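Open the model in your viewer and keep the selection tool at hand. Each stop below gives a selection and what to look for.

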Amino acid sequence: MLSATFYRLRKAAAKKPWMVILVLLALAFSCLMIAVPSMSGGADGIERDMSLVLGGINILFIVMFNFIFFTGLKNGLVGFSNADVNFHLAGPFTQRFNLFIAAGGVFKLCIILLWVLCCQSSVLHMSIGVNSFDIIALLLGSVPVFAFGYFIAAFFSACFWDNEAAIKKVQMTLIGLDVIYVVLNLKGLLDTYGSFSDLRALGLRGIIANAGTTTWSNLFPVAGWTNLIYSGILLKDNMYIIAGILLTVLTAAAIIILYSRVDLNYYEAAIENAQKVADLQEAKKAGIDSDTAKVNRKIKVGKETFNKGWGATAFTQRHLFENQRASKLFFVNPLAITYRLITAAYMFIMGKAVTFEGMDFAGGRSIGPIISGVTMMVILNAIVYGGGKTVLEFNKPYIFMVPEKGSKKLFCCLMAELPEMIFDSLLCTLLMVFFADMTITEGIAFGIMMVVFDMLFELIALVAIRIFRQLGRVLLVITRYFAGYIIIMTTLAPMIITTALTGSLAAGFLAAAGYGIVLALIFLAIARNTVDKVELA
Amino acid sequence: MLSVNGVTKKYKNFLANDNLSFTIDNGEIGILLGPNGAGKSTIIKSIAGLLKYSGTIEINGLDNHDMEAKRQLGYIPEIPALYDTLTVEEHLEFIRRAYKVEDISVKEKLLERFELSDKRKKMGKELSKGMQQKVSICCALIHNPSVIIFDEPMVGLDPHAIKELKQVFQELKAEGKSVLISTHMIDTIEDYWDVAHIMMNGKIAATKHNRPGNPEDKSLDELFFEITEGTKA
């Protein structure tokens, strides 16, 4: 059975040699990134604090466990294809064995996450002082964390596939566990340090070092036990190693017993999910896809009514209406909000932890949060608006067929995105003022720049699909994102020069915005005939 | 009237349509028959103005990219292209508004005709494939086009819906509209067609007019298998 699966994977890889090359390149890059934290040999002035390293890794393990558990619970039965249904589910294999087949998709996601983590090795080094050996430990430790987390969650998902209330209870149990963990840790820290103000004085690094190494953290299911082993290795404490290995082995045994003793009956749900996946793939082949499909899953019909728009403006109104249905507000794109929350969390962590020696502003204001915030916002907005509603409109025939001028239809679609871009930029401004200590003027200038960038991402994507449609779907998506990043990078020049000359960050943002507007107008001129020049699929 | 003259379409080095020419007159039902990969969907998409091609395609004497030609064309794609978060009723409302159709009652008529009234509040993502196909058909008919092109319209429909759709074909024909249907399912087209073009490797390999009672004529089945398999059925 396994050899047959490996045979299938080998054959699939042989058909995509470029994918193999990409994977090899990604692996080589990962090795380089793992090596980076130890390259300076301590010359970078970052001191290694053992508690901070262990605490940081433990907290990362806990986050990973939560992520994989909720993913497994939600998607445990989604990983089957129709081929799996025909060959595995209908074949002479047990239901519990076939559950492993669905793990493939989730583990691909885990590998991508670990790769992203590898790429962040410098940031981790600067923020919590990890070295290359720690990164390797983090990667190795994530294997049991992801594997056990997934198999426990997938088991519950398979047991309770037809019982939403039971699934909810499992979710609430882990959330409850998280809350208990936070409360106990907080209580322990308050007992040690006396008051909240003393705790705050520790700083984020101090809190991570303390909270991540408490008994409660080491006892956190799977994540804490894995970290016990590494703690034992670093602290040369055999008791930690033995306890960690024992708990990990017992968990593995418990999962095996769980799977072997309980009768599972989840095929109905698996078949239904496999059909949905097949329908999506078929639709993609026909050029119909939705980048926001996952967000759309939770949307329900409310009291809102669609009764505006005439001719091309019907597109504008429909886009606004879709936002209203998804978020109750016509100017709110739920996908952008999700990404903004990620940005906020990233800025909170990186802003407090990352420093750029010698690059900070006069007066001691740190440039770290600004760089991390801008980078994260630009990367995520390229996804939100580089695959925005206007771009997705090209996956359906109506924009081509409705009897209105192509440029007018395109303009109407773009205009529909402006309110959400402005609202999103307002959020970006607030994040920058709150987390990066920007002044209101700087924040507003930054917001203006982000609106321009958002529109630029959308226009670059439109031009890319006009020029590179023949590349195929995957390469087109990669091309349009990277083209966006490269072009946005060019705005750094006017930004830096203006900031250096005037000493004003706001002026720098406005200069970048001005340059971006010029670029946007050029791209608009190229994109305006997109509807008439692009093929559907 | 639909007129296709010398249409050639290439995907890189693959010739999908090779100098195709045919006409569907008013009040006529034309069929494009052929195995998978014969080029049927490509010519249908070209007629709908979704692909670039060489040659000319005219809708009632107008180039198919002309605004008036677009207004007179209805297209039902092979895979229903619905918006995930719009309901059935909102789809029809959106298309009615986009095509500037003043008559509101046409929406209700189509919903009833295709038995979608009870599904009007269902979102696109909640519908079965057959239901999505029905919505797609309603969207194509709401602006009362004079030329209607169907790409594999029977796929995913239940027998009742197929029967209903065949009735729609007959009605459209009776109203003097030009109907072009692409399909590879010979047994579903029965006898309601006027002209059938059998496609093979991007070309029209044979054209057959429906003239019942001529004993000399080969049946459509026989002709199709003779062309596609090189043998008699």
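This is a predicted model: local features need pLDDT of at least 70, side-chain atom pairs count only at pLDDT 80 or more; totals for chains, interfaces and linings use all residues.

Now show the contacts between the two. Domain 1 of chain B contributes seven residues and domain 2 of chain B eight. On the domain 1 side, expect four nonpolar residues, one polar and two charged.

Next, select residues 2–11 and 14–24 of chain B. These are strand 1 and strand 2, antiparallel and joined by seven bridges. They make a hairpin with two residues between the strands. Stop at Lys12(B) in the turn: its phi is positive, about 50 degrees. Then find Lys9(B), with Asn17(B) of strand 2 opposite.

Leu2(B) sits opposite Ile59(B), and Val4(B) sits opposite Ile57(B).

Zoom out to the whole sheet. It is open, with four strands of chain B in the order 2-1-4-5 and antiparallel pairing. Strand 2 and strand 5 (62–63) are the edges, each pairing on one side only.

Last, select residues 40–47 of chain B. This is helix 1, packed on the sheet and touching strand 1, strand 2 and strand 4. Its direction and that of strand 1 of chain B make about 120 degrees.

Notes:
Residues are numbered from 1 along each chain as its sequence is written. Chains are lettered from A and ligands numbered from 1 in the order in which they are written. Ala, Val, Leu, Ile, Met, Phe, Trp, Tyr, Cys and Pro count as nonpolar, Asp, Glu, Lys and Arg as charged, and the others, Gly among them, as polar. Two strands pair if DSSP finds at least two bridges between them. Axes are lines fitted to C-alpha atoms, for helices over the stretch in contact, and angles run from 0 to 180 degrees between N-to-C directions.
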